[in-house]
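Please examine the structure below. The paragraphs that follow lead through its charged pairs, its helices and its surface.

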Amino acid sequence: MSIPALQRRTVATLAGSQVLGGVGVSAGAAVGALLAADVSGSETWAGLGGTAQTLGGALAALVVARVMAAKGRRPGLTTGYLMAIFGGLLIVAASVVGSFAVLLVGFLLFGGATAANSQARFAATDLADDAHRGRHLSVVVWATTIGAVAGPNLTGPGQWVARQLHLPALVGPYVLSLVGIALAALVLTAALRPDPLLTARSLQVDHDEPDPTAGLEGEATRGWAVIRTRPDALMGVVAMALGHVVWCR
């Protein structure tokens, strides 16, 4: 298969998985605060659900990035989704037994899907040429948006699912989240072959070109050191952080 054909297949696979992954993340997140308040018994702790999921996504990003640097995009992204599946199961169990502590652990692990969704877009650039790299990344981002918009609309069907399974009503959307995330992982496992990052590395070796991803398996502190030396990168990080502060308010 030619590189352009492989790239088209890669982008299509990533876009499909991102629609499913976006549904998986947003379907549950739409009721996360309500579920936290219900299990904790107080609205005071409602915000901890979203906080735990965001923190979990940040921590999972480090794990996912390390796995990708060592073994490729497919193992890294599926690792994030598997973390989220385990977290989703904990969320369901915590809601049934009424354990707020277990619920928070579930939210932390559920953030793995957020990390996988965010990092999948970079897999679209591994085999892209310079003229189309931005477009291919954007296609994957837009696919995530489709899932993110569709997910919250599953709250009603999720409650119906909860009734059928004899679960608390607010857990239903998380059951649908688990289905979406599991399907996203299956799509990547079955169709993201050959791995785009490993293929790009092999092509660089064949052409005696330096590997730009070499050494990326280092500590996170190395990344911060690089960001501090690049004003444009530092500005981007600050802008993203401030944007999320405004969004969370």
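A salt bridge is counted where a side-chain nitrogen of Lys or Arg lies within 4 Å of a carboxyl oxygen of Asp or Glu. The model examined here is a predicted one, and a search of the whole structure finds three salt bridges.

One of these joins the side chains of Asp126 and Arg73, with N and O 2.7 Å apart.

Is Asp130 buried or exposed? Residues over 50% relative accessible area count as exposed; Asp130 has a relative accessibility of 68% and therefore counts as exposed.

Attention may now turn to the helices. Helix α2 spans residues 32–40, and its buried residues are Gly32, Leu35, Ala36, Ala37 and Val39. Against which helices do the buried residues of α2 pack? They pack against α1 (3–29), α3, α4 (73–97), α5 and α8. After α2 comes Gly41, which has a positive phi near 85°.

Helix α8 (residues 172–191) also meets helix α7 (residues 155–165): their axes come within 6 Å and cross at roughly 100°. Angles of 65 to 115 degrees count as roughly perpendicular, and α7 and α8 are therefore roughly perpendicular to each other. On the α7 side, the residues in contact are Thr155, Pro157, Gly158, Gln159, Val161, Ala162 and Leu165. On the α8 side, they are Gly172, Pro173, Val175 and Leu176.

The surface remains to be considered. Leu55, Leu59, Leu62 and Leu108 make a nonpolar surface patch of about 340 Å². Which helix provides the largest share of this patch? Helix α3 (residues 47–71) does, with three residues. Leu108, by contrast, lies in helix α5 (residues 100–123). A residue needs over 30% relative accessible area to be part of a patch, and Leu108 is partly exposed, with a value of 31%.

Terms used
Residues are numbered from 1 along each chain as its sequence is written. This is a predicted model: local features need pLDDT of at least 70, side-chain atom pairs count only at pLDDT 80 or more; totals for chains, interfaces and linings use all residues. Side-chain values use heavy atoms; hydrogens and water are left out. Patches are made of residues with over 30% relative accessible area and no salt bridge: like charges are joined within 9 Å, nonpolar side chains (Val, Leu, Ile, Met, Phe, Trp, Tyr) within 5 Å. Accessible areas come from the Shrake-Rupley method with a 1.4 Å probe; for residues, only the protein chains shown count as cover. Helices (H or I, at least four residues) and strands (E, at least two) are DSSP runs, numbered from the N terminus. Buried means under 20% relative accessible area, exposed over 50%, partly exposed in between (1.4 Å probe, protein chains only). Axes are lines fitted to C-alpha atoms, for helices over the stretch in contact, and angles run from 0 to 180 degrees between N-to-C directions. Angles under 35 degrees count as roughly parallel, over 145 as roughly antiparallel, 65 to 115 as roughly perpendicular and the rest as oblique. Contact means heavy atoms within 4.5 Å.
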